Amino acid sequence: RILFDITGTDGANDAETPVFVPATPTVSPVANTPTPVLTLTPANTPEPVPTGAASGGVVSEIPSPTPAAESDANAVTIETSRFTDIAGNWAEESVLRCETMGLFDGFPSGEFHPNDPVSRGDFIAALWNLYRRPLVDPGQTPFADTAHCRSDVQNAIAWAFSRGYINGTTPDTFTPDGSLTRQAAMKVLFNAAGAESGLETIFTNIYDQTFQDSGLLADWAKAPVYWGVYNTIINGNTPTTLNPGGLLSGAQLAVIMLRYTERFPAGV
């Protein structure tokens, strides 16, 4: 079993305006195959991710490396949000689109808390909402620490566990209130997308050399994180660092979820 690690780590600071720096490789590895581009986010730029730190966590959210991918011309958006604290945030448009899709409920106060770390439970609830809230008996999990959670979080955790998308922080705990790390988030999304690596495996050595902290990736997280980088679901939090144990904010998660739906729409 792979256990999410939730050791606390400092989250990345969000910047007001995302900046994207293209990086190698620039040569397509396969004939007639689009050239993968490793696009990295400079220091202090918001980025994507989910849960824990020691054994694993979810990955933090970063603004799209390709500005055009940040918006969807066919997407239905709303002009105003019920969330009272996202106006002017660098990810305001992404949060609005996620709100339109019904991914986020926010807080009872009417706020979204875009710059605060996302909890493991709320991340799984957002994913469950994305997949149209399939019903599963919330009692069919081994987790003894989810009874206090909202009903949607309990249902979401049961669904994700039944699908094999998540494990616990221990065999009988999920730690739903724990913060989500970048690498943990990528692991869950990688699983939800089918858990199959693609052309990114060709660039493993390049990624290892490009990201100076690649050695901090958990063994179970390297394939999912590099999958996320290759598919531009996440970027590095600087041109040379991934910050795999960094915590995801609400704003970063909104960008990540949109990128995920754009690249892997099947079944959503």
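This is a predicted model: local features need pLDDT of at least 70, side-chain atom pairs count only at pLDDT 80 or more; totals for chains, interfaces and linings use all residues.
Local features here need pLDDT of at least 70, side-chain atom pairs count only at pLDDT 80 or more, and totals for linings use all residues. Residues are numbered from 1 along each chain as its sequence is written, and side-chain values use heavy atoms, with hydrogens and water left out.

Start with the core, meaning buried Ala, Val, Leu, Ile, Met, Phe, Trp, Tyr and Cys residues joined through side-chain atoms within 4.5 Å; buried is under 20% relative accessible area, exposed over 50% and partly exposed in between (1.4 Å probe, protein chains only). The largest such core holds 57 residues, and F123, L127 and M257 touch the most other members. Beyond its neighbours within four places in sequence, L127 is in contact (heavy atoms within 4.5 Å) with W159, V188, L189, A192, M257 and Y260.

As for the aromatics, rings of Phe, Tyr and Trp (its six-membered ring) pair if their centres lie within 6.5 Å, with planes under 30 degrees apart called stacked, over 60 edge-to-face and the rest tilted. That rule gives 13 aromatic pairs. F83 and F112 make a tilted one, at 5.1 Å centre to centre and 35 degrees between the planes. F83 is buried at 5% relative accessible area, and F112 is buried too, at 8%. W159 and Y165 pair up edge-to-face, because their planes sit at 80 degrees, with ring centres 5.4 Å apart; both residues are buried. Elsewhere, ring pairs link F203, Y207, F211, Y226 and Y230 into a cluster.
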